[in-house]
Each structure stands twice: as C-alpha cells, then as structure tokens.
Amino acid sequence: MLTTLMKLLSACLWPSSSSSGKSSDSTGKQDGLLWYKDSGQHLVGEFSMAVVQANNLLEDQSQVESGPLSTLDSGPYGTFIGVYDGHGGPETSRFVNDHLFQHLKRFAAENASMSIDVIRKAYEATEEGFLGVVTKQWPTKPQIAAVGSCCLVGVICGGMLYIANVGDSRAVLGRAMKATGEVIALQLSAEHNVSIESVRQEMHSLHPDDSHIVMLKHNVWRVKGLIQISRSIGDVYLKKAEFNKEPLYTKYRIREPFKRPILSGEPSITEHEIQPQDQFLIFASDGLWEQLSNQEAVDIVQNHPRNGIARRLVKMALQEAAKKREMRYSDLKKIERGVRRHFHDDITVVVIFLDTNQVSSVKGPSLSIRGGGMTFPKKL
C-alpha cells in the first residue's frame, strides 16, 4: 500500500520529463566522465543538459529550475537556468549552485515580480555570502580566498528573457530569419575576459593608476598576470586586500597593496522580449566555446533532434579537442580526469527550447535539476 502511495505521489511531484514519450529519467544518466539529461520539460518547452568532467574535481556546476520563481505562491513563475564555471577549486561554484536561486526567489517575493534589480540583488547576496565563507575559513583554509566562479544566469518569465553574467560563460540564442528560414546565432551575454580588447580598456579606465592592471603572460592576457576574467563571484584575494597576504600562497599575492577591488562581482544584465522567431537558447561554460563558434553550436542544435542535443554538443566539442591534438576521439575518452584537463576544460551545456505558445504561461510543471544528477521537486 505504501509503495503504491509513493508511486502516486512521485507521479504528481515529478512530472514526466517529456510529453512526447522521450527519456523520462528524472535524474539523468552517467557514462564515465559524462553526465547527461537528454530531454526534460520546463515551463515553456523542452530542455537538454550535459556535463563532461576534465578536472580532478568537477568545477562546473549548473541547474535548471522551473515553476515558482518566488517564495510566494502568487508568483512569478518561469524557468531559471544557471551555469557556474569554477576555477581554483569547486567551492565557489557549488556555493553559487546552493544559494543564488534561493536569493533570487526571496527578492522576487519582496518585489512581487521579476526584474533586473531582483537578479542584481541575488548576485550581490551570493557574493556577500561567499565572502562570509572565506572570512570564516581563512584561518584554517586560506587558499579558499583564491577560489572563484563565473556565473551565467537566464530567467524566462512572463514572456521576457533576462540574461545575467560575470565571467566568460556564454548564452547564445538561435533565431529564425523570416526571409530565408535560416537560424542565426545571437550572443546574448556580455563576456568579461581580458583577451577581449574592450574588456582590457575597461580595466585600464577603472584602474588608471595601475599600468600593470592587465599583463601579457605566456602569450595570454591576464589581470595582474593572474586571471583571465575581470568579473567573478569569489576570488576574494583580488577584491579585498586583507586576504592577499600570508598564509595565501605566494603565487597569488600581489606585491603592491591595492585600495579598491581589482575584480568585480557586478553582473552585466540584459532584458529581451521573447519573439516568435526565437527558437532555442544555448547556455554553456567556456569549455564549449573554446571548441565551437556560436554559429556552429546553433547549426548543430538546429540540424539534429532535440533529444540528446546537449550531449551531442559536448561530443562535438570533444571531437574538436581531439582533432587539435591530432588524436582520436575514442582515445580522448579513455583519458582520466585530471590528466584530461590538459586536453579540454570541464564542459557544461544546457539547451532550452522556446515553445512560444507557452512562453506567457502562468503555471506548469515544477522541476529542479542540477548538472551531475541531483533532482528534486519544489514545494507546490
């Protein structure tokens, strides 16, 4: 009797991941260093996720949340996508995965709506929260001050799409052109990587008294010769001078004291009204974009079945990585985590399909899934 009751309860709380009879696994599947969720249903269409690990510890984290975007039953409702590409360790990206969406729900409840301001406050609260972790752990684990994460967020709510970003993960829209029928790639996220000249110029204008704010090291542009991104969550050692000293490792310490933060946690946020010609969104860590261009990724999604499309994008990226090293894809797959990082980065891909007839829906199935497999329902 109890088993039957649990099955009925599960059917209510965990809706089938696709109404078209595709894969209905609620947690995704594992294949070596690859985790994937081939098909699921979010509030305004289908989605597909895949993650491949390269580092000893997976530094990429990700999530899709669909249903209530607030702690209040009155709404708003929609879909939240997060891709968090950690560096220096997994602590920051895991923290963001655990806290950012909860902050967003709290601020959305306070404002009774979704907005750019709600998203900005959620980022600020997450940054402050991780600073608290660093402060607490500094005496026993000082290296946590040098751990950080890129943070890419998408929110689909009430026919609007919000894109927020710090770092160099990327959100790309596939939009159908009425005249030709072709689907073109439109990058929606601003990137904060000093390999981009405009970002270097921004850093120079923010730090006019520091001629070494950006340095070319081993043929790669880096902030203070240390890090490629100019904005992040964490990386407290480049934001607060009291964490840039012993016992932090010498390689992270800057000789001259700094009076204002070198890196920023301020997200770039844009707002778009979703159009009928907007077909799908690709959210991915830079591990994907190191191997595929925006248009190549959009073409792959457009020209292949939806089911398993995120996994296909990861595979195409790995094939490109293997080709660059003049090796076979089958041989690359045999390389263990850690060593694998010499061939490619951790790669996270989330593909969100936009079924525009559903975009203005108020309520729908409630879903919460994290890249790597943790899935649970929201309280309805």
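Because the model is predicted, local features are reported at pLDDT of at least 70 and side-chain atom pairs at pLDDT 80 or more, whereas totals for chains, interfaces and linings use all residues. Residues are numbered from 1 along each chain as its sequence is written, and side-chain values rest on heavy atoms, with hydrogens and water left out.

The chain contains eight helices and 17 strands, where helices (H or I, at least four residues) and strands (E, at least two) are DSSP runs numbered from the N terminus. The chain has 380 residues, of which 54% are buried; buried denotes under 20% relative accessible area, exposed over 50%, and partly exposed the range in between (1.4 Å probe, protein chains only). For contacts between residues at least 6 apart in sequence, 67% join residues at least 24 apart, a contact being heavy atoms within 4.5 Å.

Two packed helices are described by the angle between their axes and the distance between the axes. Helix 6 (residues 294-302) packs with helix 7 (residues 309-324) at an angle of about 135°, and the axes are 10 Å apart. Helix 6 is therefore oblique to helix 7. Axes are lines fitted to C-alpha atoms, for helices over the stretch in contact, and angles run from 0 to 180 degrees between N-to-C directions. Angles under 35 degrees count as roughly parallel, over 145 as roughly antiparallel, 65 to 115 as roughly perpendicular, and the rest as oblique. On the side of helix 6 the contact is made by Ala-297, Ile-300 and Val-301, and on the side of helix 7 by Ile-309, Arg-312, Leu-313 and Met-316. By class, the contact has six nonpolar, no polar and one charged residues; Ala, Val, Leu, Ile, Met, Phe, Trp, Tyr, Cys and Pro count as nonpolar, Asp, Glu, Lys and Arg as charged, and the others, Gly among them, as polar.

The peptide bond from Glu-246 to Pro-247 is cis, with omega near 5°. Pro-247 lies in the loop between strand 13 (233-234) and strand 14 (268-273). Asp-235 is also found in the loop between strand 13 and strand 14, and its phi is positive, near 50°, although the residue is not glycine. Asp-235 counts as buried, at 0% relative accessibility. Lys-224, likewise not a glycine, has a positive phi of about 55°. Lys-224 is placed in the loop between strand 12 (220-223) and strand 13 and counts as buried at 10% relative accessibility.
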